[in-house]
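Trainee: I'm new to this one. Can we walk through it together, and may I keep asking how you know things?

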Amino acid sequence: MQLDTRAQTLLKALVERYIADGQPVGSRALSKISGLDLSPATIRNIMADLEELGYVASPHTSAGRVPTPRGYRIFVDTLLTVQPLDERAVEARLQPQAPQKLIANAAQMLSSLSQFAGVVMAPRHESAFQQIEFLRLGEKRILLVIVAPGGDVQNRLLLTDVDYTPAQLQQSANFINQHYSGLSFEQVRGRLQSELAQLRDDMGRLMQAAVEAGSAAMAESAEDVVIAGERNLLSVNELSSNMSSLRAMFDLFEQKTGLMQLLDVSSKASGVQIYIGGESTLVPMDEMSVVTAPYTQNGRIVGTLGVIGPTRMAYERVIPIVDITSRLLSNALSQG
């Protein structure tokens, strides 16, 4: 249902006041802050209509009203006036540098600017390697050693059907390093079937096993989500007022599965997205909202970042923080 101008003005005033002080807003206060020349009776009638439509609710202990998730949604979609943020004031904090450092700085910047939790889904890069080695540990037991271009080393144990000799292991490692060094394991996987026809079947199986294990090892070594400022949420009464809320909040941070799902969904959308607790099944708590935006590298979306905070957050401040951080991170990654 389309709200008329008076109802929109009163709903906007109510949400803004509630975000500011966290107390239910009564008709008397609305008559002062809305700027409308309406009688208290008219305001009460409009508020009763808004409550019937599901945009506001009345707590049992108060004569005032509070926004519902549906009320927050219409507020952020149609009534919000976003406050501009000086991009130059924060640009220096995200200058081109190592990607891992940029991601950590972006999460920290989102947290410090919003005073809530900042979160960044790390870029999804293919798992390139510089070289591999096979070390025979015993019968049908091989240690796969993977050296990444940056010098990081990953080890994986391979249990094989065949007992390979040290000479065979050396031959296989030499073949992979000579032909595939600098590629990702995903790229190697696609080329193995056609290019390994010249080798014996058991050698081909060893290399297939190495590629599968190497791909898994590189994926596990990447930190999928970087979070900063979780402790800020402990001072938000709505999020820390009871044990079930605290448990749900820290489950989100510790397990990260739901957080990854939410960030992955938002990476497929353009621009800033707002997920409001109680409305979105991706947000585990009614009192929590997440504001996200995708970021790019050389024009391609590679991840998502955002702010996690209470539903009662100053969206007009948080939205530009998320928007500008995504653009600055995109620029820095593309120039780095």
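This is a predicted model: local features need pLDDT of at least 70, side-chain atom pairs count only at pLDDT 80 or more; totals for chains, interfaces and linings use all residues.

Trainee: What box do the C-alpha atoms of the chain fill?

Mentor: Roughly 90 × 40 × 35 Å, taken along the principal axes. Inside that, the chain has 13 helices and 10 strands.

Trainee: How many of the chain's residues count as buried?

Mentor: Of the 336 residues, 46% do. The chain exposes about 16,800 Å², and carbon and sulfur atoms supply 47% of that area. As for charge, there are 29 positive and 35 negative side chains, and the centres of the two sets lie 4 Å apart.

Trainee: What share of the contacts join residues at least 24 apart?

Mentor: Taking contacts between residues at least 6 apart in sequence, 60% join residues at least 24 apart.

**The cores**

Trainee: Which residues touch the most other members of the largest nonpolar core?

Mentor: L11, L50, V120, I308, Y315 and L329 do, in a core of 80 residues. Helix 13, residues 315-335, gives the most to this core, with 10 residues. Apart from it lies another core, of 23 residues, and F129, L144, L169 and L183 are among them.

Trainee: What makes a group of residues a nonpolar core?

Mentor: The members must be buried residues of the nonpolar kinds, such as Leu or Val, joined through side-chain atoms within 4.5 Å. In general, nonpolar side chains tend to be buried together in soluble globular proteins.

Trainee: Which residues does L329 contact, leaving aside its neighbours within four places in sequence?

Mentor: L94, L102, I103, A106, V120, Y295 and L305.

Trainee: And helix 4, which of its residues are buried?

Mentor: In helix 4, residues 69-79, the buried ones are G71, Y72, R73, I74, F75, V76 and L79. They pack against helix 1 (5-21), strand 2 (66-67), strand 8 (273-276) and helix 13.

Trainee: Why is V25 called buried?

Mentor: The relative accessible area of V25 is 3%. Buried means under 20%, so V25 qualifies as buried. V25 sits in the loop between helix 1 and helix 2. Not counting residues up to four places away in sequence, V25 touches L14, R17, Y18, L30, G64 and R65.

Trainee: How far apart are V25 and L135?

Mentor: They are 110 residues apart in sequence and 70 Å apart in space, C-alpha to C-alpha.

Trainee: What makes Y55 a buried residue?

Mentor: Y55 has 6% relative accessibility, so by the under-20% rule it counts as buried. Y55 lies in the loop between helix 3 (40-52) and strand 1 (56-57). Its C-alpha atom is separated by 5.5 Å from that of T68, 13 residues apart along the chain.

Trainee: What makes the phi of Q115 worth a look?

Mentor: Most residues other than glycine have a negative phi. Phi of Q115 is near 65 degrees, a positive value in a residue other than glycine. Q115 lies in the loop between helix 6 (99-114) and strand 3 (117-121).

Trainee: Where is N298 found?

Mentor: In the loop between strand 9 (288-297) and strand 10 (300-310). N298 is not a glycine, yet it has a positive phi of about 55 degrees.

Trainee: How do you know whether N298 is buried or exposed?

Mentor: Exposed means over 50%. The relative accessible area of N298 is 62%, so N298 is exposed. Q115 has 49%, so it is called partly exposed.

Technical notes. Residues are numbered from 1 along each chain as its sequence is written. Side-chain values use heavy atoms; hydrogens and water are left out. Helices (H or I, at least four residues) and strands (E, at least two) are DSSP runs, numbered from the N terminus. Buried means under 20% relative accessible area, exposed over 50%, partly exposed in between (1.4 Å probe, protein chains only). Contact means heavy atoms within 4.5 Å. Accessible areas come from the Shrake-Rupley method with a 1.4 Å probe; for residues, only the protein chains shown count as cover. Lys and Arg count as positive and Asp and Glu as negative; His and the chain ends are not counted. The place of a charge is taken as NZ of Lys, CZ of Arg, CG of Asp or CD of Glu.
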